[in-house]
Amino acid sequence: MTNSTSSSGSNGSLFMIALRASIAFILLCGIIYPLVSTGLAQLLFPHQANGSLIKDSNGRIIGSSLIGQSFTDPAYFQGRVSSIDYKAEASGSNNYAPSNPDMLQRTKDSIAAWQAANPDVPVSQLPLALITNSGSGLDPHITPASAEVQIPRISKLTGLSADTLKELVKKHTDGRDLGVFGDPRVNVLELNIELSQLRK
Amino acid sequence: MDILQLIIVIGVLVLLVKPLGTYVYHVYSDQPNRTDRLFGGIERFIYKVIGLKSRDGMTWKKYALSFLLTNIVLVALSYLILRLQGSLPGNPNGIGAMEETLSFNTVISFITNTNLQHYSGETGLSYFSQMAVIMMMMFTSAATGFSVAIAFIRGLTSRGSTIGNFFTDFVKSHTRIFLPLATLITLVLVALHVPQTLQPNVTAATLEGATQSIAIGPVASLESIKHLGTNGGGFMGANSAHPFENPSPLTNVIEILSMWALPACLPYVYGRFAGNRKQGWVVFGAMMSLFLVFLATVYTAELHGNPVLNNLGADASQGSMEGKEVRFGIAQSSLFTAVTTAATTGSVNNMHDTLTPIGGLVPLAEMMLNVVFGGKGVGLVNMLMYAILAVFIAGLMVGRTPEFLGRKIEPKEMKLIAIAILVHPFIILAPTAIAFLTDLGQGAITNPGFHGISQVLYEYTSSASNNGSGFEGLADNTPFWNMTTGLVMLLGRYVSMIAMLAVAGSLVRKNTVPETIGTFRTDNVLFGGILVGTVVIVGALTFLPAVVLGPIAEHLTIR
């Protein structure tokens, strides 16, 4: 019955081909492909392949330049709201619908907290983006405007001049990719690392 | 600048259609060409290993049986791996076995190219499962879909009794399209900071002296095939919103083009097979015009923002940034949302649950229509199904036998097409109703009010269209949701695939009718318009009531 002259034989032999093909492609796509990719990636781009980690002078890992961190000290620039508090062993957010009353309450609380911590800056200058939850809960960036409105508070708490801080923010602002893609952004962790060095 | 970056990405896509389509045509046309020398050797080796003795064409029944058997074996083996992952190697973070109904849902989800995820990658899967189950099925399900689409095209455009050999189509999809492209895109993504490592999670001592554990892994190799194969399941829970999966606007553009280019070139491939490229461009034009309307809608809605928050007095000029990432902003987020549900990928770079009601209506509507480019092959097949329906309706209006590509469309084909068109709304709306009638279903809703309706509707629409994105607030990892969405995904994938192969098998045997002055032409703008009209009217008649209860009602309450 097998080996018949018709195209791939009986249904029984079709099953054997399906079984062998499945095993072959589990090996090829599920084992060989990711392992070869890992090997090439580690060889060609080791820094990127291992998570773009930032280390201090002693070689200790401070974090990743791609992953946001939680900043509670008001003398640091603050990142966006994170319902997972930047705990990067997982990721995600509350998925609040636009009509969800809990989100409205959270935003009102954020505005009240902002007013208490930044009495010199009117609420109308506070970018809504800063007090919204990012999708990943790990957004490493804030908008340039979100960094600038924090300068008066940080200047007061650290004694650094507003001009120095402005320069610092400018230095850590990335433009659009290739000049057109995405939005300009400030990396909060990198900004705060340099800020902490100035504060010493 | 927003509009400019959207135009550039769409322009690059349009430029890719012809070269990529020509390449894909040569892969499946089974005529000798230059690339045979490059890939012929490895393919002959694979044919030998899998015991494929004859590479002759198959009847539609044999073709369908072959792809079903292959998919069933892959499902069985993958289920075993997920259930045993705790004791298998490649598990540096010590993750235990996956629960039964969740494993069922996961393997169905990935074999059907849906990639609905009721688990979270960082904590639910070992590295071995991510590779041998998830990445593997991202290849094999995409190759299956692509092969079936090509077989359908052969049925429409050639004569005889066979529609190609499934196993050669399946192997060539891997060796000539998905594996080389995936390896290339993987390396580009790594160069742009997407991690690719087998090391366990990283522990960092943060600037404020706390400890941060950072999930990592072989992310890039999954990311590339996730998009090329229009799969969409993320390595991380937050999917392409996670900075490791999608670190910059540039990687965002690459991921968008990766998932969009192959589905977008298929109409051109179809035109090549039909020997009339205009046929292909008409279908492409219909898809693109629907797409542009959807993109403009979601972009405008998101830029306008959420009135509830905008009224609080803060600076709302940035638009609705809840659930979005700063690096993408409104433009790259809207584009990703429109493309991922058009191409039925289902990856997300922002949380669709948090979109404004009208913004969230766009992905929902694209999945309901399921023809705007569409996933690996399936979108084109669905669109051609509507094309045949449009010809049929137009034929009835002028009172002559409808023809498509010179073949008479008769009751047998129309019955099959009616089944395929009707099963889609049925498997969305019936389970949605069941979910609302039971506590098991209702318990998962996390957003009160009309949005809760949208959450449930979105989940089943995403399952039925094999998209896989979600209004992720839904607490859907329960046996009820795992089983019901699993069944919907199975029906959504295989009923229409088998029906369409049957149509192909029937059309391929028919004699061509000579073209006369009275022939209704299907390669001009008029037909493009009729096609879009048919899609929109059928879609609106079916889904408008459900949509009014969900997103539109929510929109009216928060103005």
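The largest nonpolar core of this predicted model has 197 residues. Leu501(B) and Ala504(B) have the most contacts inside this core. Helix 6 of chain B, residues 127-157, supplies the largest share of the core, 21 residues. Domain 1 (11-47) and domain 2 (53-199) of chain A also both give residues to the core, so the core lies between these two domains.

**Nonpolar cores**

- Setting aside neighbours within four places in sequence, Leu501(B) is in contact with Trp60(B), Tyr63(B), Ala64(B), Val148(B), Ala151(B) and Phe152(B).
- Another core, of 26 residues, lies apart from the largest one, and its members include Trp114(A), Leu128(A), Ala129(A) and Ile151(A).

**Domains of chain A**

- Chain A is assigned two stretches: domain 1 covers 11-47 and domain 2 covers 53-199.
- The centres of domain 1 and domain 2 of chain A, taken over C-alpha atoms, are separated by 42 Å.

**Overall form of chain B**

- Chain B contains 19 helices and four strands.
- The radius of gyration of chain B is 23 Å, close to the 24 Å that the globule rule gives for 559 residues, so chain B is as compact as a globular protein of that length.
- Taken along the principal axes, the C-alpha atoms of chain B fill a box of roughly 80 × 55 × 50 Å.
- Of the 559 residues in chain B, 63% count as buried.
- Among contacts in chain B with a separation of 6 or more, 78% are made by residues 24 or more positions apart.

**Contact between the chains**

- On the chain B side, 107 residues are in contact with 93 residues of chain A.
- Helix 7 of chain B, residues 166-191, gives the largest share of the side that touches chain A, with ten residues.
- This side of chain B consists of 57 nonpolar, 38 polar and twelve charged residues.

**A hairpin in chain B**

- Strand 1 (residues 202-205) and strand 2 (residues 211-214) of chain B pair in the antiparallel sense over four bridges.
- Within this pairing, Ile214(B) in strand 2 is the bridge partner of Val202(B).
- The two strands form a hairpin with five residues between them, and Gly209(B) in the turn has a positive phi of about 85°.

- Leu361(B) belongs to helix 13 of chain B, residues 357-369.
- Leu361(B) counts as buried because it has 23 C-beta neighbours inside 10 Å, and the cut-off for a buried residue is 20 or more.
- Not counting residues up to four places away in sequence, Leu361(B) touches Val547(B) and Pro551(B).
- Leu361(B) and Phe294(B) are 67 residues apart in sequence, and their C-alpha atoms are 9.3 Å apart in space.
- Thr542(B) lies in helix 19 of chain B, residues 525-557.
- Thr542(B) has 19 C-beta neighbours inside 10 Å and therefore counts as partly exposed.
- The C-alpha atoms of Thr542(B) and Thr203(B) are separated by 51 Å, and these residues are 339 residues apart along the chain.

Notes:
Residues are numbered from 1 along each chain as its sequence is written. Chains are lettered from A and ligands numbered from 1 in the order in which they are written. This is a predicted model: local features need pLDDT of at least 70, side-chain atom pairs count only at pLDDT 80 or more; totals for chains, interfaces and linings use all residues. A nonpolar core is a set of buried Ala, Val, Leu, Ile, Met, Phe, Trp, Tyr and Cys residues joined through C-beta atoms within 7 Å. A residue is buried if 20 or more other C-beta atoms lie within 10 Å of its own, exposed if 12 or fewer, and partly exposed in between; C-beta atoms are placed from the backbone. Domain bounds come from an automatic or database domain assignment. Two residues are in contact if their C-beta atoms, placed from the backbone, lie within 7 Å. The radius of gyration is taken over C-alpha atoms; the globule rule is 2.2 Å times the number of residues to the power 0.38. Ala, Val, Leu, Ile, Met, Phe, Trp, Tyr, Cys and Pro count as nonpolar, Asp, Glu, Lys and Arg as charged, and the others, Gly among them, as polar. Two strands pair if DSSP finds at least two bridges between them.
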